[in-house]
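Subject: Structure for you to look at

Hi,

Here is the structure I promised. Please open it and keep it beside this note.

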Amino acid sequence: MTEPVAHLMAAKLLRGLRLATLGITVTTLFGFALPLLATGSETYSSPAQQVLAFAILTVVAVVAGVRILRDEPLGRPRWVLVAAVIAAAVLATTGIPAAELMSEEEWSYGVIGWFGILLLVDHSVVGAAVFLGTYTVASFAQLALLGQGHETADLVVVTAIMFGCELPVLAGAKALRGLVATSSAATADAERVRTAEAIAEHLHADRRLRYADLATTSIPLLADLTTGSVNLGDERARSAYAVAAARLRRLFAEHDEAADPLLHELRACLDPAERHGVAIYLGTCGERPTPPLAVRRALTEPVLRILPNVTSEMRVTVLGSATGVTVSLLADADASDPADSDPAGGAVHSGVTVTRLVHGAKVWVEATWQARG
C-alpha cells in the first residue's frame, strides 16, 4: 500500500471514529437520558434545571454534529462547548436531591463523558482522558461532600461500566492518530525523496547542457593548446582564449547563490580585465526581473566578446524596468576585429536583441531583453 493511500485510509478511519462518537453521544442523550428525564420530573428538586441542562447538551450536540458532518475541525468553539457541557453537568447534579444522585432519575452521569470524548478526541486523546478522569473524581467528591459516601460502591460499578465503553474509543482514537501521524511522516519522506530526485535530474540535465556548451567552445581551444596547433602570437587566437576563460568564469558564477544573478555573473566576466589594468565601471539603474539562465548568457555574451579588445576603460550599465533588462556597454577598444563579434545591427539570441555601433576607438553595444507578459 502506497503512503498517500495509507494516509487517506487513516484519515477516513479517523473521520469514521468522529461520526461513530457523534452517533453514540446523540443516541445516549435521546435514547437513554431523555426517557429518564421525562419519567423523573417528580424526583427533581428543580425540574427547570434539568430541562435547561438537557437543552444545553442538545445545542452542543447540534453544533458539534454540524461541524463533524461537514468534516470540519471544531476550532475555537470547542472550548465554549466544553464549558457548556460542564455547566450542564453542574445543573443536572445540583437540580436533584442528594439522596437521589445514584438513582435512575440522575440521567447525566452516563452522558457527560461521551460529550467530553465527542468534543476532545480529535484534538487530544489525552485531553479527553483527562476530562473523563476529572469528571469522575468530581462525581465521587460530590457524593462524599453531600454525605452520600455509602453510595460509592454503586458509583464504582456505574463508572466501570461507563469506562468499559468509553476507554476503548479513546484507545482506538489514539491508535488511529498514531497511524495518521505515521502515514503523514511517510508521505512527507516520499515527497522529499521525489523532490530530491527531481532536483538531481534537473542538475544532471543542467550539467550536461553546460558540458555541451563547453564542448563546442572551450574544449576545442584547450585541445589546440595541448597539441600545440595554435599560434599564441595571433591576436585573434589570444582573444578567443580570453573569451573562453571569461565564459568559464561565468559558468562557475552561475552555480553561486546570488541575490542578483545577472550582476554577479557580469562581475565574474569583468574581473580578469580589471586585474589586467582596465578601468571598469559597473552600475545599475531601476528594478528589474531576474532573467532565465539562457537569457542571462545572451545578455552577458556581448560583454565577453568585446573584453579582449578593450584598451583602457569600459562602462557597463544594467538598466531595468518592470518588463525587461538592458545591458549597455561603452568601451575604448580596438574594434577593427573584435573576438567573436556580432555583425552590426540587431542580432537576436534567446530573445535578446544585440545592437553594436563603432565610432573611432569607441564601441557601444546594447543587449536588450523584454519579458513576455
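Predicted model: local features only at pLDDT ≥ 70, side-chain atom pairs only at ≥ 80, totals over all residues.

Residues are numbered from 1 along each chain as its sequence is written, and side-chain values use heavy atoms, leaving out hydrogens and water.

Helices (H or I, at least four residues) and strands (E, at least two) are DSSP runs, numbered from the N terminus.

**Helix α3**
Helix α3 covers residues 77-94. Its 18 residues should span 26 Å at 1.5 Å a residue, and the end C-alpha atoms are 26 Å apart, which agrees. The expected span is 1.5 Å times one less than the number of residues. Buried means under 20% relative accessible area (exposed is over 50%, partly exposed in between; 1.4 Å probe, protein chains only). The buried residues of α3 include R78, L81, V85 and A92. Down the axis, the buried residues of α3 fall within an arc of 160°, so they line one face. The arc uses directions from the helix axis to the C-beta atoms. They pack against α2, α4 and α5.

Strands β5 (352-359) and β6 (362-370) pair in the antiparallel sense over eight bridges. Pairing needs at least two DSSP bridges. R356 stands opposite V365 in β6.

**D332**
D332 sits in strand β3. D332 is buried, at 14% relative accessible area. D332 touches K362, among others; contact means heavy atoms within 4.5 Å.

Best wishes

Methods. Lists of a residue's contacts leave out its neighbours within four places in sequence.
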